[in-house]
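Hello,

Please find the structure below.

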Amino acid sequence: MTETETRSVTFSTHAGVAAITLDRPEASNALNRVMKTELLRAVSLVGSDSSVRAVLIRAAGKNFCVGQDLAEHVEALQADPAHAMDTVRQHYNPVIQALSAIEVPVVVAVNGACVGAGLGLALSADIRIAGARANFGTAFTGIGLAADSALSASLPRLVGASRATAMFLLGDTINAATAQAWGLVHQVVDDDTVADVANDLACRLADGPTAAFCSVKALIRDNAVAPLPDILEREAAAQQHLGASSDHGAAVEAFLAKTKPVFVGS
């Protein structure tokens, strides 16, 4: 097991699972410059580690992430208002791009508040597990802003344009049960178990057919707005490639032998 610690983000790898923890609980994991820099480093390191077969993102404390640290933002506005929003291109965009580029499955454990850029971070993952008291919101228009962290695309894709627009315009938050009903989260569990359930799921995915998972993620991403002929060809190419993989061969043999397949990730 390897572990690297920083002041506000920790990450470790064990048995194919890389766990990234937002660790600024005293500030509800509000994202200041230091934390954004550390988060980008953690996500980039995890994304380039070929031994990682699944990623878990979780948070210390009662809240997942309340978005931008507004105290730091006020200081930036007072010091240099023309460049106060540079953090979107300098920090948020690279973090979301790095997270979205991770080829293996990414699971997020959401506890408490998940709003603003915190919501953008959670929606950049593949599967979200929420605690029963989790709540989700955009928060941007409440302080006179629009959207960042890819939320203008990820939120309507998951909940539909009408619901996403209402969340942005009204600034209301939704609870975990509503989030699950709308398709925003995969599962709602007791608050005390959300991290464990998410970790178990990440471990399950790490033991699965990694190459197939990576291909499915790429197909879903690339085919979201592609013409039908392109979709069919991409699927055919993926199936042809995976049909020759060791995981597929082992799974077919296990099926015929009525045993459980062992996936090696290739």
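**Strand pairing**

Strands here are DSSP runs of E with at least two residues, and helices are runs of H or I with at least four residues, numbered from the N terminus. Two strands count as paired if DSSP finds at least two bridges between them.

Before going on, note that this is a predicted model: local features need pLDDT of at least 70, side-chain atom pairs count only at pLDDT 80 or more, and totals for chains, interfaces and linings use all residues. Residues are numbered from 1 along each chain as its sequence is written, and side-chain values use heavy atoms, with hydrogens and water left out.

Back to β2, which covers residues 9-14. β2 and β3 run antiparallel and are joined by 6 bridges. They form a hairpin with 2 residues between them. In that turn, A15 has a positive phi of about 55°. Of the 6 residues in β2, 5 are buried (under 20% relative accessible area; exposed is over 50%, partly exposed in between; 1.4 Å probe, protein chains only).

β3 (residues 17-22) also pairs with β4, this time in parallel, over 6 bridges. A18 has V55 in β4 as its bridge partner. Helix α1 (residues 33-47) belongs here too: β3, α1 and β4 make a right-handed β-α-β unit. Right-handed means that, with the strands pointing away from the viewer, the path from the first strand over the helix to the second runs clockwise.

β4 (residues 54-59) is mostly covered, with 5 of its 6 residues buried. Parallel to β4 runs β5 (residues 106-110), paired with it over 3 bridges. There, I57 is partnered by V108 in β5.

**Pockets**

A pocket is an open set of points on a 1 Å grid over the protein atoms alone, where a 1.4 Å probe fits, with protein on both sides within 12 Å along at least five of seven lines; lining residues have an atom within 4 Å of a point. Grid points are joined across faces, edges and corners, and a volume is the space filled by probe spheres set on the points.

The largest pocket holds about 720 Å³. Its lining has 22 residues, with A125, D126, R157, K217 and I220 nearest the centre. Elements giving two or more residues to this lining are α3 (86-100), β7 (127-131), α5 (151-159) and α9 (210-222). α9 has the largest share, 5 residues. By class, this lining has 14 nonpolar, 3 polar and 5 charged residues (nonpolar: Ala, Val, Leu, Ile, Met, Phe, Trp, Tyr, Cys and Pro; charged: Asp, Glu, Lys and Arg; polar: the others, Gly among them).

The second largest pocket holds about 250 Å³. It is lined by 18 residues, and Q68, L70, F140, I143 and L145 lie nearest its centre. α2 (70-79) and α3 each give two or more residues to this lining. α3 gives the most, with 3 residues. The classes here are 11 nonpolar, 6 polar and 1 charged.

**Cysteines**

How many disulfides are there? With a disulfide defined as a pair of cysteine sulfur atoms within 2.5 Å, the count is 0. For C65, the nearest cysteine sulfur is that of C114, 7.3 Å away. C65 is buried, at 0% relative accessible area. The sulfur of C203 is 17 Å from the closest cysteine sulfur, in C214, which is too far for a bond. C203 is partly exposed, at 31% relative accessibility.

Best wishes
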